[in-house]
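This briefing covers packing and open space in one protein chain. The structure is shown first, followed by notes grouped by topic.

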Amino acid sequence: MNIIPGMRTLKTAVAVGLSVAVSYALKLEYPFYAAIACVVVLQIYSKDTVTAGRNRLIGTLAGGLAGSLFAYIPLDKAITSFLGILFLFVILAQCKLNRSMTIGGIVFMRIMVDLDYSKEVPLLFTYNRLLATFVGVVIAVAVNLLLFPYHRTKENDKRFILLRSCLLDGLTDLLARRAPVDIAAIRKDCDALGEHLKKNSAEYKLFARRDEQVAEMHEAVNLYRDILRHMAMIEELPPEYWQLDKPNGRRLTALTGCLLPESSMENAEDARAVVYNYHAGRMLDCAEQAESALLQPPRLWSPRGEELS
């Protein structure tokens with residue numbers, strides 16, 4: 001049984017503690033809502049935390065204003081609750097703020113059925129709750145960025161190194177060994193890395209100070225996707241078309257260090273191999289462009305360097 005807390009658990013606990021301390025220090029009316037905001041909005045990625053915090057603030061404000069409006073309509077509470085939720089959700093949906101509906105509805109119903117108007121005006125309640133939520137969201141975002149911010153960027157570096165290694169080895173297998181490549185698996189890794197890079201953009205920009213290198217990693221991943229498209233086209237061709245010509249063979253050797261015997265390229269000038277060599281050339285174009293785009297090419301992948309028989 002592993003009792004060591006994970007990173008998200010640790011960050012959430014720190015954020016909650018800070019939000020309660022700050023709320024008491026600022027004498028906020030509702031420290032509870034600041035702590036709850038930390039628990040709800042703190043996500044694995046800083047970008048997702050910011051998005052969740054924004055949605056919660058918008059929902060709190062919208063629900064509070066709607067509740068303040070419908071609270072004084074002289075109708076039965078059930079009727080005003082029905083009309084108010086309908087009104088609130090339609091407005092949020094029209095503004096494409098669907099993710100703010102849940103918290104908006106909660107705040108609205110808190111005002112409608114659980115708030116003593118003789119002790120607190122709905123607008124004042126909305127202000128106090130919004131202020132506490134804002135404090136919680138700011139602390140959650142700050143903690144997510146400042147507390148151990150580098151571990152995911154390092155993971156992404158490792159993902160990229162392994163992806164690059166897998167793709168270059170696949171290029172060697174397909175062109176030099178004429179062996180099939182697991183294109184679907186490599187494409188899945190490309191998509192996953194692209195998504196991780198996008199979600200970790202805040203950590204890279206604010207702390208890693210590697211914006212240029214990250215942009216180049218994005219460019220390389222896009223080029224890898226192009227390579228995979230050409231790989232798929234080659235695998236559609238009959239095996240007898242798989243004859244690499246001498247120019248492409250020399251480029252492959254320069255790129256990967258894989259030595260091709262001259263005999264393997266003797267018949268590559270046949271017209272049947274033109275389509276194959278077109279796609280091979282395009283793959284090598286993309287691979288060379290990706291390599292030149294990287295500021296500091298990862299060193300985990302090393303060419304196999306053996307001569308093929």
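Beyond its neighbours within four places in sequence, Tyr-224 is in contact (heavy atoms within 4.5 Å) with Phe-160, Leu-163, Arg-164, Leu-167, Cys-190, Ala-290 and Glu-291. The model is predicted, with local features needing pLDDT of at least 70 and side-chain atom pairs pLDDT 80 or more, while totals for chains, interfaces and linings use all residues. Residues are numbered from 1 along each chain as its sequence is written, and side-chain values use heavy atoms, without hydrogens and water.

**Nonpolar cores**

- A nonpolar core is a set of buried Ala, Val, Leu, Ile, Met, Phe, Trp, Tyr and Cys residues joined through side-chain atoms within 4.5 Å; buried means under 20% relative accessible area (1.4 Å probe, protein chains only).
- The largest such core has 37 residues, and Tyr-224 is among those touching the most other members, along with Leu-171, Leu-175, Ile-227, Met-231 and Met-283.
- Two or more residues each come from helices H7 (151-175), H8 (183-199), H10 (211-235), H11 (246-256) and H12 (274-293), helices being DSSP runs of H or I with at least four residues, numbered from the N terminus.
- H10 contributes the most to this core, 10 residues.
- A second, separate core holds 24 residues, including Ala-37, Leu-57, Ile-103 and Val-107.

**Largest pocket**

- Thirteen residues line the largest pocket, and Val-40, Arg-56, Thr-102, Ile-103 and Ile-106 are the closest to its centre; a pocket is an open set of points on a 1 Å grid over the protein atoms alone where a 1.4 Å probe fits, with protein on both sides within 12 Å along at least five of seven lines, and lining residues have an atom within 4 Å of a point.
- Helices H2 (31-41), H3 (46-70) and H5 (101-114) each supply at least two lining residues, and H2 has the largest share, 5 residues.

Technical notes
Buried < 20%, exposed > 50% of the residue type's maximum accessible area, 1.4 Å probe, protein only.
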